[in-house]
Amino acid sequence: MNTRPPDDPEEILRVLPARWHEQFLGEYRGALEAAHDVRRFQQLCEVLHLWRLRAVAYSKPGFEEAAQAAREGRGDEFGSADHVIRPG
C-alpha cells in the first residue's frame with residue numbers, strides 16, 4: 001500500500017511518464033527555491049498539485065493521441081462535455 005501523499009514529488013515522478021521528468025524537476029526546484037521566502041511557500045504547493053494532476057492525465061493510455069487531436073482542432077473525435085459532466 002502506498003502511504004505517500006499524492007502531491008509528494010517522489011510520488012509524482014513515479015506516476016509521471018519519463019519524458020516529463022526534466023520539466024517537472026525544473027519547475028519543482030524553482031518553486032522549492034522560491035519557497036525559502038515564506039510568502040512564496042504556496043507557490044511550491046501549487047506546482048506540486050498541478051504536476052500531480054498532469055501526471056495522472058499524462059499517464060493515461062491514449063493521452064498523447066488525444067492531445068494531438070486537440071492541437072489539430074479535431075474536436076469531432078471528442079465527446080460532448082454534456083456526456084461526461086453530470087449536473088450537480
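Tyr-58 is buried, with a relative accessibility of 18%, where buried means under 20% relative accessible area, exposed means over 50% and partly exposed lies in between, for a 1.4 Å probe and protein chains only. The model is predicted, so that local features need pLDDT of at least 70 and side-chain atom pairs count only at pLDDT 80 or more, whereas totals for chains, interfaces and linings use all residues. Residues are numbered from 1 along each chain as its sequence is written, and side-chain values use heavy atoms, with hydrogens and water left out.

A search of the whole structure finds five aromatic pairs, a pair being two rings of Phe, Tyr or Trp (its six-membered ring) whose centres lie within 6.5 Å, with planes under 30 degrees apart counted as stacked, over 60 as edge-to-face and the rest as tilted. One of these is the stacked pair of Phe-24 and Tyr-28, at 5.8 Å centre to centre and with 15° between the planes. Both residues lie in helix 2 (residues 21–34), four residues apart, which is about one turn of the helix; helices are DSSP runs of H or I with at least four residues, numbered from the N terminus. Phe-24 is buried at 0% relative accessibility, and Tyr-28 is also buried, with a relative accessible area of 18%.

Tyr-58 and Phe-63 form a tilted pair, 4.9 Å centre to centre with 45° between the planes, and here Phe-63 counts as partly exposed because its relative accessibility is 23%.

Trp-20, Phe-24, Tyr-28, Trp-51, Tyr-58 and Phe-63 form one aromatic cluster. At Trp-51, the charged end of Arg-54 sits over the ring, 4.5 Å from its centre, a description that requires NZ of Lys or CZ of Arg within 6 Å of the ring centre and within 35 degrees of the ring normal.

Notes
Helix = DSSP H or I, 4+ residues; strand = E, 2+ residues; numbered from the N terminus.
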